[in-house]
Amino acid sequence: MKHLAAAVDRQLHAYNAHDLEAFAAAYAPDVLVEGPGDNRLRGRHALRAAYAQQFQDARCRAEVLARLTEGDWVVDHELAHGLADTPLRLLVAYRVRDGLIDRVTFLA
């Protein structure tokens with residue numbers, strides 16, 4: 001279970017440092033990211049493109065309020081700063097396989 005959390009922590013540290021390449025490297029080449037509604041990203045290239053501006057603006061930061069792990073999944077209750085006027089509370093599920101995140105689902 002620690003290796004699962006380590007993969008998710010790696011992307012979180014890169015996110016908070018606004019290091020786009022380190023962030024993308026924490027994900028599988030064919031990662032699937034599912035957001036609210038029909039929002040979907042497929043692959044590292046799409047992930048980089050989606051996050052490039054907020055990393056460049058250095059306006060994003062997240063903190064983990066709570067974490068659950070089960071099987072290949074890590075579910076974080078996060079507080080995201082810099083995306084809206086006030087911090088956003090999110091539930092994010094990360095599936096980790098072979099040390100990389102291959103699926104992300106924003107639950108709330």
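Residues are numbered from 1 along each chain as its sequence is written, and side-chain values use heavy atoms, with hydrogens and water left out. Because the model is predicted, local features need pLDDT of at least 70 and side-chain atom pairs count only at pLDDT 80 or more, while totals for chains, interfaces and linings use all residues.

Burial is assigned from relative accessible area: buried means under 20%, exposed over 50%, and partly exposed in between, with a 1.4 Å probe and protein chains only. With neighbours within four places in sequence left aside, Phe-23 is in contact (heavy atoms within 4.5 Å) with Gln-11, Ala-14, Tyr-15, Leu-47, Tyr-51 and Phe-55.

Side chains of opposite charge can pair when their charged atoms come close. The structure holds nine salt bridges, a salt bridge being a side-chain nitrogen of Lys or Arg within 4 Å of a carboxyl oxygen of Asp or Glu. In one of them, Arg-95 pairs with Asp-102, with the closest N and O atoms 2.9 Å apart. Both partners are buried, Arg-95 at 17% relative accessibility and Asp-102 at 14%. Salt bridges that share partners also join Asp-9, Arg-67 and Asp-76 into one network. A further salt bridge links the side chains of Arg-97 and Asp-72, at 3.0 Å from N to O. Arg-97 lies in strand β5 and Asp-72 in the loop between β3 (61-70) and β4, so this pair ties together parts that are 25 residues apart in sequence. Arg-97 is partly exposed at 39%, and Asp-72 is partly exposed at 32%. Glu-63 and Arg-61 form another salt bridge, in which the closest N and O atoms are 3.8 Å apart. Here Glu-63 is partly exposed at 29% relative accessibility, and Arg-61 is partly exposed at 40%.

Rolling a probe the size of a water molecule over the atoms shows where empty space is left. Pockets were located on a 1 Å grid over the protein atoms alone, a pocket being an open set of points where a 1.4 Å probe fits, with protein on both sides within 12 Å along at least five of seven lines. Grid points are joined across faces, edges and corners, and a volume is the space filled by probe spheres set on the points. The largest pocket holds about 470 Å³ of space. It is lined by 25 residues (those with an atom within 4 Å of a point), and the closest to its centre are Val-33, Tyr-51, Leu-83, Leu-90 and Phe-106. At least two lining residues come from each of α1, β1, β2 (40-42), α3, β4, β5 and β6, and α3 gives the largest share, four residues. By class, the lining has 18 nonpolar, four polar and three charged residues; Ala, Val, Leu, Ile, Met, Phe, Trp, Tyr, Cys and Pro count as nonpolar, Asp, Glu, Lys and Arg as charged, and the others, Gly among them, as polar.

Gln-54 is found in helix α3 and is buried at 11% relative accessibility. Not counting residues up to four places away in sequence, Gln-54 touches Tyr-15, Arg-59, Cys-60 and Leu-83. Arg-10, in helix α1, is partly exposed at 39%. The C-alpha atoms of Arg-10 and Gln-54 are separated by 18 Å, the two residues being 44 residues apart along the chain.

Positive phi values occur at two non-glycine residues described here. His-18, in the loop between α1 and α2, has a phi of about 60° and is partly exposed at 24%. Asp-98, in the loop between β5 and β6, has a phi of about 55° and is exposed, with a relative accessible area of 82%.
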